[in-house]
Amino acid sequence: MSPHAVVIGPNGGKPTVDLAEFAVSRNAFLPEHQPCQRLADSYYEPWERIVEQLPTHIRTGAIHNLIQSLPILSTDHLRSEAEWRRAYVMLAFMTHAHVWGGSDPNEILPPQITLPFLSVSEHVELPPVLTYAAANLWNFSCAGDDFSEIDDLSLLFSFTGTQSESWFLLLSVAMEAKAAGILQTMMDAFSAVKTRDYPVITKALEDLRRCIQGVGGLLERMYEKCEPMVFFHEIRPFLAGSKNMEAAGLPRGVFYDEGDGKGEWRQLRGGSNGQSSLIQFFDVVLGVEHNDHGSAGQASYHTEVREYMPGPHRRFLVHTARMGSIRELALAPPSTDEQLRMREAFVAATQALSSFRDKHIQIVARYIILPSKQTRPMQPRVAQGATNGPTAVTTPKRRQNLASSSSADMADDELTGTGGTKLVPFLKQARDETCQAGDLSSRTL
């Protein structure tokens with residue numbers, strides 16, 4: 001069946017997209033079931049042993065030797081898509097631990113990681129770097145069936161072992177799960193656009209507004225268990241990629257050594273919530289147009305970042321964009337009460353998305369802008385899972401370099417995110433463009 005298949009509904013009803021063909025589940029862009037908890041074949045125990053104690057190996061400085069001593073493992077023993085995803089996540093975490101886990105960034109990724117990582121990345125249709133899918137979508141376990149219940153979630157892999165890191169990453173999991181059902185609802189709304197079924201479209205837009213508000217409500221819980229200074233100095237550096245990281249010590253990016261004199265320098269974006277397919281889905285269905293442009297000959301950030309989403313998810317966004325435009329319908333001057341209610345519901349949904357982006361800007365202010373201007377006090381803390389008693393947490397040179405390269409002596413508008421963009425201007429422009437989409441007075445049909 002084509003990945004763009006349309007399935008006829010029950011009893012010959014209206015057509016709906018077969019979301020499963022795009023790896024979209026009842027949990028939206030999260031998996032149908034919790035991610036694989038361990039690779040079944042003992043062949044992969046060398047990987048499992050490193051990642052299960054990754055915070056300790058980083059803290060003690062053992063991570064580089066452990067990775068160098070790994071055998072080069074084949075991907076032939078992976079048995080399911082869930083196992084391919086777990087392998088991708090493990091290799092992504094080991095990659096970033098190797099690059100950023102020392103006093104200075106390590107610009108050479110050895111064949112022990114490079115070779116299997118390139119193979120796994122090709123299979124899951126993602127670049128060989130820590131993406132949002134690796135850090136969030138496929139990096140959790142759940143004690144229940146509702147992935148939006150953050151207190152039921154646990155992190156599979158971590159760089160620091162801190163509660164702040166778990167809360168930061170798992171909150172995004174809960175936010176993704178909060179959108180369960182809205183993708184199908186909006187697909188039905190697109191079908192209703194063709195038949196001008198205004199009540200169905202209005203109800204869908206009202207559901208979308210409530211969904212976005214629910215996602216925003218979870219975002220506001222970031223403050224509960226994620227400490228801004230811990231995030232900025234300990235967690236954020238590990239999420240950075242190798243693109244635009246010259247000042248941090250990676251002028252050429254990272255060399256992916258394939259052995260026997262083969263290899264390639266790569267400059268890749270780091271993990272970022274900008275890689276969430278859910279947020280771009282909201283944009284697509286509401287007709288939000290982002291007008292940012294990349295450098296000469298390069299795609300805009302919103303276009304480029306789709307390459308950091310799982311292949312089926314980015315194809316789903318393309319497919320959705322081809323289905324039509326609710327905004328085009330909302331722009332038409334209303335001649336009935338049904339049309340007026342639909343327009344009002346559309347504007348309310350765009351306002352909810354704009355409000356969500358305002359909340360994101362507030363999070364950035366608290367977790368990046370303010371910590372970038374403060375000197376971090378030294379204090380003893382114990383990394384979660386540590387076994388050697390209290391350890392004074394210091395900020396290695398490479399983290400200081402990374403922080404200074406993206407923040408310390410820069411104006412707010414010059415701060416860069418882990419994805420390599422100028423953070424504040426990017427977020428403000430995205431917010432303003434969302435407001436523009438909800439301004440139906442700008443054009444009449």
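Predicted model: local features only at pLDDT ≥ 70, side-chain atom pairs only at ≥ 80, totals over all residues.
Which axes come within 9 Å of each other and cross at roughly 115°? They are those of helix H4, residues 81-100, and helix H11, residues 228-239.

**The crossing of H4 and H11**

On the side of H4 the contact is made by His 96, Ala 97 and Trp 100, and on the side of H11 by Pro 237, Phe 238 and Leu 239. Sorted by class, the contact of H4 with H11 has five nonpolar residues and one polar residue, while charged residues are absent from it. Helix H11 is mostly covered, with eleven of its twelve residues buried. The buried residues of H11 include Pro 237, Phe 238 and Leu 239, which also take part in the contact with H4, and among the others are His 233, Glu 234 and Arg 236.

**Aromatic pairs and a charge over a ring**

The model has 15 aromatic pairs, and two of them are set out in the table.

| Pair | Centre to centre | Angle between planes | Arrangement |
|---|---|---|---|
| Tyr 44 and Trp 47 | 5.0 Å | 35° | tilted |
| Tyr 88 and Trp 138 | 6.0 Å | 75° | edge-to-face |

Tyr 44 has a relative accessible area of 0% and is therefore buried, and Trp 47, at 0% relative accessibility, likewise counts as buried.

Elsewhere, ring pairs link Phe 22, Phe 29, Phe 281 and Phe 316 into a cluster. An aromatic ring also takes part in an arrangement with a charge: the charged end of Arg 266 sits over the ring of Tyr 256, at 5.3 Å from its centre.

Glu 125, although it is not a glycine, has a positive phi of about 60°. Glu 125 is found in the loop between helix H5 (111-124) and H6, and its relative accessible area of 28% means that it is partly exposed. Asn 244 is another residue other than glycine with a positive phi, here near 60°. Asn 244 lies in the loop between H11 and strand E6 (254-259), and at 41% relative accessibility it counts as partly exposed.

**Cysteines and a buried lysine**

The count of disulfides in the model is zero. Cys 142 is buried, with a relative accessible area of 12%, and Cys 211 also counts as buried, at 8% relative accessibility.

Is Lys 359 buried or exposed? Lys 359, which is found in helix H16 (residues 337-372), has a relative accessible area of 18%, and because buried means under 20%, this lysine falls in the buried class. Once its neighbours within four places in sequence are left aside, Lys 359 is in contact with Gly 216, Gly 217, Leu 219 and Glu 220.

Terms used:
Residues numbered from 1 in each chain as written. Heavy atoms only, no water. Axes fitted to C-alpha atoms, helices over the stretch in contact; angles between N-to-C directions. Helix = DSSP H or I, 4+ residues; strand = E, 2+ residues; numbered from the N terminus. Contact = heavy atoms within 4.5 Å. Nonpolar A, V, L, I, M, F, W, Y, C, P; charged D, E, K, R; others polar. Phe/Tyr/Trp six-rings, centres within 6.5 Å; stacked < 30°, edge-to-face > 60°. Buried < 20%, exposed > 50% of the residue type's maximum accessible area, 1.4 Å probe, protein only. Lys NZ or Arg CZ within 6 Å of the ring centre and 35° of its normal. Disulfide = S-S within 2.5 Å.
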